[in-house]
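Welcome! Please have a look at the sequence and the structure shown here, and then let us walk through them together.

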There are 2 protein chains.
Amino acid sequence: MSDVARLAGVSIKTVSRVVNDEPAVHPDTAERVMAAIEQLGFRRNLGARNLRRGSTTGTIGLIVEDVGNPFYSELNRAVERIATSFGRQVLTGSSEENSDRERELVLEFCARRVDGILVVPAGLQHGYLVPEMRAGTPVVFIDRPAGDIVADTVLVDNLGGTIEAVTHLARHGHRRIAFLGDSPDIFTAAERLRGFREGCVRNGISYDESLVSMGTPTPDSVGDAVKRLLDGPDAATAVIAGNNRVAVHLLRALAHAEHRPAMIGFDDFELADLLNPPVSVVAHDVSALGHAAAELLFARVQGDQSPPRKVVLPVHLVARGSGEVAP
Amino acid sequence: MSDVARLAGVSIKTVSRVVNDEPAVHPDTAERVMAAIEQLGFRRNLGARNLRRGSTTGTIGLIVEDVGNPFYSELNRAVERIATSFGRQVLTGSSEENSDRERELVLEFCARRVDGILVVPAGLQHGYLVPEMRAGTPVVFIDRPAGDIVADTVLVDNLGGTIEAVTHLARHGHRRIAFLGDSPDIFTAAERLRGFREGCVRNGISYDESLVSMGTPTPDSVGDAVKRLLDGPDAATAVIAGNNRVAVHLLRALAHAEHRPAMIGFDDFELADLLNPPVSVVAHDVSALGHAAAELLFARVQGDQSPPRKVVLPVHLVARGSGEVAP
DNA sequence: GGTCACTATGACAACGTTGTCTCCTCTGGG
DNA sequence: CCCAGAGGAGACAACGTTGTCATAGTGACC
C-alpha cells in the first residue's frame with residue numbers, strides 16, 4: 001500500500017480511503033491512486049485488515065468425516081451456499097472419523113479466528129471446545145450431537161426412520177430382518193440400531209441379536225456379514241443397511257446372490273432408482289441439514305444468545321421396490 | 001497475549017517464546033505461562049502471526065464447479081490429502097460454471113493471501129490472474145487449461161479416451177454412434193467431441209453431426225436428445241455420454257426404453273458396475289488428478305521456477321457390458 | 001577479582017491495515 | 001475583510017504477533 005501511495009504521490013491513508021470507497025477523496029486523486037493500484041497489481045491484505053479492524057475474518061470452518069463422501073459433499077455444498085449468502089468463505093477438513101484429527105482441525109480453525117465452526121463430530125469428548133465457545137466462536141454440531149457438552153445440534157430422525165423401515169418390511173411379511181450398521185461408536189449407527197430394536201418390538205418381532213452386524217463397513221466386512229446372516233435355514237429374509245456406505249457394499253455383495261432378500265437403506269443415494277430392483281431407502285434432505293446448521297451458525301455469529309437448540313429433521317421412506325418383496 | 005503475560009507476571013515476549021517452544025525459557029516460568037494460557041483459554045492469533053512473520057498463511061484455495069458433485073468432491077479429497085501433508089488447509093469454493101464467480105473467488109483468495117490456488121476454470125479469460133501470479137501466487141489449472149495465459153495445467157486424455165470409446169463400439173459392430181456432451185464452451189466437452197470425430201474418422205465411420213447433441217445436461221435436455229437420436233429408422237445403435245452427469249441423465253432416460261443402445265460413459269461413477277447392464281466407461285483416476293495438481297502447486301509454493309508444465313493423465317476403458325452389445 | 005560465556009528476560013519496532021485526530025485550503029455569508 | 005464550515009488530505013497509533021537487540025544475573029576460569 002505504501003508503494004501505491006508513493007507512486008500516486010499521496011499518503012498511505014488516502015490509498016486506504018480509495019480502496020475502501022470512503023468519501024472525501026478528490027476524484028482526480030482517486031483516479032491517480034487507482035492507476036497506481038492497477039499498475040502495481042496491488043491487492044489489499046485481508047489478514048491485516050481484519051487484524052486492525054478487529055472484525056470477523058469472513059470465514060467459517062466445516063469439519064466432516066470425509067469431504068469426498070457424496071453425503072458430506074452435498075452437505076458441504078449446502079453449507080457453502082448459505083456461507084456465500086452471508087459473504088463468508090468455507091474452510092473444510094476431513095476428520096477421517098478420528099477424534100484427534102477433529103480436535104486438531106477445530107483448534108487450527110480457531111487459531112485462524114474463523115467466525116464459526118460446523119462439525120460432524122467424530123469423538124465423544126468435546127470439553128476442549130468449551131474455552132473456544134466461551135471465547136466467542138460458535139459451534140454447531142451436524143448429524144451427531146456433542147459428546148459431553150451442551151451445544152447447538154442439527155440431527156435427522158434416526159430412530160423414527162429405522163422404526164419406519166422395520167415396520168415397512170414387517171408389513172410385507174418379514175419376520176426375520178437383519179441389520180447391518182456402521183461402528184456403534186458412531187451416534188447415528190447406535191441410534192439406528194436402537195430404532196431397529198424398537199421397530200422389532202413394536203411389530204411383535206423378537207429382537208434377535210444374531211441378525212445384527214455392526215462395524216466400519218468394508219467390502220469384506222459386509223460380504224462376510226451377508227454370508228452369515230443370509231444363509232442357512234434361519235436366514236434373514238430382509239436386511240436394513242445402516243447408511244449409504246453399508247448399502248453400497250451390501251448391494252455389491254448381493255449382486256450375484258441366488259435369491260436376494262428384501263432391502264431398505266438408510267440415506268438416499270444417486271442411481272438407487274436405477275438398480276435392479278430399485279432400492280427403497282429411508283431418505284432425508286442432506287441439503288436441508290446443511291442449510292439448517294449453517295443458518296443456525298450464522299444466527300449465533302450475529303449475536304443470537306438464546307439457549308442451545310436441538311433441531312431434528314424428518315425422514316421419509318421412499319419405496320422403490322427392493323423393500324416391497326415378500327419373504 | 002498481553003493478558004496472559006500480566007497473569008503470569010512476565011513480558012509479552014516471554015509468552016511468545018513459550019507459545020513457540022523457543023528455548024531459553026526457565027521451566028518454572030514456562031509452567032506459569034502455560035497455566036495462565038490454560039486459565040484464560042488463550043489461542044495464538046494465526047493472522048497476526050502470519051502478518052508479522054511475512055510467512056505464508058498456510059492455506060490454499062480450491063475452486064471447482066460444484067463441491068457437491070462426486071467428481072469434484074473426490075478431487076477435493078485428494079487435494080486435501082496433499083495439503084495436509086504439507087501442513088496446509090484448504091479453502092474451497094464453487095464457481096457454478098460462472099466465470100465471474102470464479103474470478104471473484106480467485107481474487108478473494110488472493111486477498112486472503114493463500115499460498116496457492118487450484119482451479120477448474122469456468123471461463124476462457126484468465127488475464128486477471130497475471131498480476132496475482134506475478135505477485136507470487138502460484139496457480140495450477142485442473143481438468144481444463146487456462147484460456148489465454150500460459151500456466152501449469154493437469155488434464156486427462158480426453159481426446160484419446162473418446163477415440164478409444166468409439167473404436168471399442170466400432171469393434172462391436174456399431175456404425176451409427178451418437179455423442180451426448182456437455183456445453184461446448186467447456187474444454188473437456190469440446191475436446192471429447194473432437195475425440196469422437198477423430199474416432200469416427202479412424203474407424204471409417206462418416207461423422208454425422210445429426211448424431212451429436214451438446215449442452216448443459218438436464219434430465220429434460222438429455223431425455224429430448226435420446227428421443228431424437230435413438231428413434232426412427234436412422235437411429236443410433238450406440239451412444240457415448242460425455243461426462244458423469246450426462247451419463248446419469250442418460251441412464252434414467254433409457255431406463256424404460258424398449259431396446260437399449262450400447263453405451264459408454266466418460267468418467268467412472270459409483271455403482272456403474274451394479275446397473276443392468278453394467279456400464280462401460282472411459283475411466284480415469286480423479287484422485288491422481290488432484291494429487292498431481294496439488295503436488296505441482298506445492299512445488300511452486302516451495303520455489304520451483306521451472307517453465308509451466310502441462311501434465312496429461314492417461315485414461316482407460318473399463319468394459320463392463322453396456323458397451324459390448326451388438327447393434 | 002576480572003573477564004567471558006551463557007541463561008533468562010524484556011523493550012521496541014515492524015508486519016499492512018484503518019480509526020481518530022489534526023491540519024490546510026477553499027467557499028460563501030455577513 | 002473576517003470567520004464559519006466543508007472538503008480534502010496526512011500523521012499517528014493500534015490490532016496481535018515475533019525478530020532483533022539489549023540487559024541483568026550466574027558461574028567458571030585464569
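Which element gives the most to the surface near DNA strand D? Keep that in mind as we go; what you see is a predicted model.

## The surface near DNA strand D

The answer is H4(B), which contributes five residues. In total, 24 residues lie around DNA strand D, and those that come nearest are Ser11(A), Arg52(A), Met1(B), Asn45(B) and Arg52(B). Helix H2 (12-19) and H4 of chain A, together with helix H2 (12-19) and helix H4 (46-53) of chain B, each give two or more residues to this surface.

By class, the surface near DNA strand D holds nine nonpolar, eight polar and seven charged residues.

## Where the chains meet

## How the copies are related

Chain A superposes on chain B by a rotation of 180 degrees, with 0.0 Å of shift along the axis and an RMSD of 0.1 Å. The two copies are therefore related as by a two-fold rotation axis. Within chain A, Leu91(A) has the C-alpha nearest this axis, at 2.3 Å.

The copies meet through the same surface, because 100% of the interface residues of chain A are interface residues in chain B too.

How values were computed: Residues are numbered from 1 along each chain as its sequence is written. Chains are lettered from A and ligands numbered from 1 in the order in which they are written. This is a predicted model: local features need pLDDT of at least 70, side-chain atom pairs count only at pLDDT 80 or more; totals for chains, interfaces and linings use all residues. Copies are superposed by least squares on the C-alpha atoms of residues with pLDDT of at least 70 in both. Two residues are in contact if their C-beta atoms, placed from the backbone, lie within 7 Å. A residue is near a molecule or strand if its C-beta atom, placed from the backbone, lies within 6 Å of it. Helices (H or I, at least four residues) and strands (E, at least two) are DSSP runs, numbered from the N terminus. Ala, Val, Leu, Ile, Met, Phe, Trp, Tyr, Cys and Pro count as nonpolar, Asp, Glu, Lys and Arg as charged, and the others, Gly among them, as polar.
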